[in-house]
Amino acid sequence: MKQNINLPKQIEFDEAALQLLKALEKENKTVKDFLIRGYKGLPTSLEMEEESYNYFIKHSVIITSMTTFPGSSVFTEFLYEGLSPSFPIDKYVLQSKAGKAVKARLIAIERELPKIIEEYRSKGDVLIGNLGSGPGRDVIDVLSTHYQNISNIKAIHIDKDVVALKRGKRIAKIKRVDHLIEFVQGSFLKYNPTKKFDIILLIGVLCPLEIETCIIVLRAIKKLLKREGCLIVSNATKKMQKEDPFTYFIMRWAANWELVFKDDEEIKQIFEKAGYLWRKGFRDSYGFHLMGVGTSIS
Ligand SMILES: C[S@@+](CC[C@H](N)C(=O)[O-])C[C@H]1O[C@@H](n2cnc3c(N)ncnc32)[C@H](O)[C@@H]1O
């Protein structure tokens, strides 16, 4: 605990949080007090909360975009791009463990996906379904790094968000893999494939959902996956909740970022109850996301 910002003794803040609180001390002490009191579970007034909310909306591109486009990829893309933020709140989010773990998740997926693609490529053509893809940076990066000149791998990115798909098309062109990717706007729950997928990715989609809902979603997308096809699904783990509660508190309060943290056994159970064979899990370097890998058995 650093001395100069008068924090209650029992709360431990990491360096990124201390920097944020220091900046708020200078810019708006009410916001700093509100965050500390709210985080500690102490009473706060409606006036304090309203002033703090106004401050967040005026001084955070991340919070404003998350409240305007809830559940969209705008937030994740900020973290992937690592845009240098000018506001203390945005700076904090990018430097927080939970924020960095989202980028680390992308890195972990980009490391594992080629290995899974290779498994399927040894049997023939590979079709990847990126469901709730946002722009689909994970698949774009993997294709551009490993498969730019290979014609037997294709991907379909499906998302409700037309702006994210436009961005994906743009990034795919820049990275010269647009010939390998089709972008489809709509709900993946209503998608009717002409050809089933060998590999499905569902990344950053189940994190806010209750276990029972996750099972329903995984059951529903089974019809999109070939028998013995591979499903890769990310979930936020309880480690994130335990190790970075302050970021979660801020994001939940300001942007309604509600996550249902799940442990390894719960994630495995989701796969099995939805009718998949559990193969393995892999994590980002913070251990804040577990990517379950399963096989379709029907
Ligand atoms: C947090 S973003 C994650 C984007 C990307 N998969 C990633 O890992 O960066 C969640 C995305 O899922 C999309 N999404 C959620 N439910 C969907 C559905 N039923 N059909 C299509 N897209 C959906 C949202 O529009 C959003 O782009």
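Against which helices and strands do the buried residues of α13 pack? The buried residues of α13 pack against α10 (211-221), β5 (225-236), β6 (276-283) and β7 (289-296). Contact here requires that the C-beta atoms of two residues, placed from the backbone, lie within 7 Å. Helices (H or I, at least four residues) and strands (E, at least two) are DSSP runs, numbered from the N terminus.

The model is a predicted one: local features need pLDDT of at least 70, side-chain atom pairs count only at pLDDT 80 or more, and totals for chains, interfaces and linings use all residues. Residue numbers start from 1 along each chain as its sequence is written.

Helix α13 itself covers residues 264-273, and I267, I270 and F271 are buried in it. A residue is termed buried if 20 or more other C-beta atoms lie within 10 Å of its own, exposed if 12 or fewer, and partly exposed in between, with C-beta atoms placed from the backbone. Viewed down the axis of α13, the buried residues fall within an arc of 95 degrees, so they line one face of the helix. That arc is taken over the directions from the helix axis to the C-beta atoms. After α13 comes G275, which has a positive phi, near 95 degrees.

The loop between α12 (245-255) and α13 holds N256. N256 is exposed, because 12 other C-beta atoms lie within 10 Å. N256 and A164 are 92 residues apart along the chain, and their C-alpha atoms are separated by 21 Å.

Seven residues of domain 1 are in contact with ten residues of domain 2. On the side of domain 1 that touches domain 2, α5 (74-81) and α7 (97-121) each supply at least two residues. The most is given by α5, with three residues. By class, this side has two nonpolar, three polar and two charged residues. Ala, Val, Leu, Ile, Met, Phe, Trp, Tyr, Cys and Pro count as nonpolar, Asp, Glu, Lys and Arg as charged, and the others, Gly among them, as polar.

Domain 1 and domain 2 both give residues to the shell around the ligand, so the ligand lies between them. Of the 18 residues around the ligand, those that come nearest are G132, G134, S187, I203 and G204; a residue is near a molecule or strand if its C-beta atom, placed from the backbone, lies within 6 Å of it. The shell divides into six nonpolar, nine polar and three charged residues.

Terms used:
Domain bounds come from an automatic or database domain assignment.
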